Amino acid sequence: MTTYNVALNFEDGVTRVIQCDDDEKVTDAAFRQKINLPMDCRDGVCGTCKCFVEKGEYELEFYMDESMSDEEAEQGYALTCQMIPESDCVVRVPASSAICKTAPEAVEAEVQGVDKLSETSFGLWVKLSKPINFLPGQYVNLTVPGTDKHRSYSFSSAPGAQEATFLIRNLPGGVMSTYLGEQAKPGDALTATGPMGAFYLRPIERTQVWLAGGTGLAPFLSMLEQVAEQGAEHPITLYYAVTRAADLVELDRVNALAEKIGNVTVITILAAEEDAHERKGFVTDHLGGDDLHDGDCDVYLCGPPPMVDAVRAHFGKLGVEPANFYYEKFNPTEEKAEAA
């Protein structure tokens, strides 16, 4: 019997991955794994369980016009009580995880190593007690050993790996930065809770424009890992913007993945006036209408709030609206601030 992975993305940012047999309906599989997706009838009549399928192949056994129109079905909506997966799927659920009586999973982890990549960033490697099934771009809450605090960080590693990596900004006086810079040692125990976040790689159906600010590179590393494994027909341009040349960390890894994929262009930008570089200034100085393919592209952005706000305003000035714009802001407290 074939089993498929179905990622359920709830509206509060929580993701749970369930296993669904090839003759099993999604609602039944979720209930079997203690997740109560919204439903009333189980017969394709009421429409309560209607969700949007962002990725994957499936069969709809039956539905009434009153529950879902043919137009909605063509757009990708499905009744999970009638949905039988024929591949791995990603399903957007219009309800919170709490309503569905589920929650992010807490997985124990052990520190394997910490690397000070620059004055402004650390690399953290942890071994998970079991792999976390996340979508590339998502994050987890990591407890800070020796404290009752946690901080949120995007995976920079490939989904499903036993060893996870994170690219973390060094904030002087920050609770995680202090731990990583002064106290961390292999074997330290911590907990990763998640995955969470609405910022993740969707199916690549058109040209991609990825914008990374500083350690906002982390989720794009994870995305590149997946694309390197699965391939992509459409070109990807990654803009990597930092303050100083020393902040351009993980470039060897980025370039190696880009070479493996084959249709990835990497553009680096420095803001500091004192550093010589081919491209200076900000991302918006190097992003024109042609670079956005007059809107026929998907834009992903992960960076500090001023960068996100500047890019959104820049689209307005150019009069270009990308087909899809996904972004995530992070702020100086190391907490996740906003995703869309």
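Is Arg-253 buried, partly exposed or exposed, and what is its relative accessibility? I looked this up first: Arg-253 is partly exposed, at 21% relative accessibility. The classes are buried for under 20% relative accessible area, exposed for over 50%, and partly exposed in between, with a 1.4 Å probe and protein chains only.

**Basis of the entries**

I worked from a predicted model, in which local features need pLDDT of at least 70 and side-chain atom pairs count only at pLDDT 80 or more, while totals for chains, interfaces and linings use all residues. Residues are numbered from 1 along each chain as its sequence is written, and side-chain values use heavy atoms, with hydrogens and water left out.

**Entry 1: salt bridges**

I searched the whole structure for salt bridges and noted 15. The criterion is a side-chain nitrogen of Lys or Arg within 4 Å of a carboxyl oxygen of Asp or Glu. Side chains of opposite charge can pair when their charged atoms come close.

I then returned to Arg-253, which forms a salt bridge with Glu-225, the closest N and O atoms being 3.1 Å apart. Arg-253 belongs to helix H5 (residues 251-261) and Glu-225 to helix H4 (residues 218-230), so this pair ties together parts 28 residues apart in sequence. Helices here are DSSP runs (H or I) of at least four residues and strands are runs (E) of at least two, numbered from the N terminus. Glu-225 is partly exposed, with a relative accessible area of 23%.

I looked next at Arg-42 and Asp-28, whose side chains meet in a salt bridge at 2.6 Å, N to O. This pair links distant parts of the chain, 14 residues apart: Asp-28 is in helix H1 (26-32), and Arg-42 is in the loop between helix H1 and strand S3 (50-55). Arg-42 is partly exposed at 36% relative accessible area, and Asp-28 is partly exposed at 30%.

I also recorded the salt bridge between the side chains of Asp-296 and Arg-206, at 3.8 Å, N to O. The two residues are 90 residues apart, with Asp-296 in the loop between strand S16 (264-270) and strand S17 (297-303), and Arg-206 in the loop between strand S13 (189-196) and strand S14 (207-213). Asp-296 counts as partly exposed at 49% relative accessibility, as does Arg-206 at 22%.

Asp-291 lies in the loop between S16 and S17 and is partly exposed at 32% relative accessibility. The C-alpha atoms of Asp-291 and Val-209 are separated by 8.2 Å, although the residues are 82 residues apart along the chain.

In this loop I also noted His-293, which has a positive phi of about 55° although it is not a glycine. His-293 is partly exposed at 38% relative accessibility.

**Entry 2: other backbone geometry**

Most residues other than glycine have a negative phi, and most peptide bonds are trans. I recorded a positive phi of about 55° for Lys-101, which is not a glycine. Lys-101 is placed in the loop between strand S7 (89-93) and strand S8 (105-118), and is exposed with a relative accessible area of 63%. The peptide bond from Gly-194 to Pro-195 is cis, with omega near 5°; Pro-195 lies in strand S13.

**Entry 3: Asn-170**

Where is Asn-170 placed? I located Asn-170 in the loop between strand S12 (163-169) and helix H3 (175-183). Asn-170 is buried, with a relative accessible area of 17%. Not counting residues up to four places away in sequence, Asn-170 touches Lys-116, Glu-119, Thr-120, Ser-121, Phe-122 and Ser-177.

**Entry 4: an exposed loop residue**

I found Ala-246 in the loop between strand S15 (236-242) and H5, where Ala-246 counts as exposed at 57% relative accessibility. Ala-246 and Ser-118 are 128 residues apart in sequence and 6.3 Å apart in space, C-alpha to C-alpha.

Note on methods: Contact = heavy atoms within 4.5 Å.
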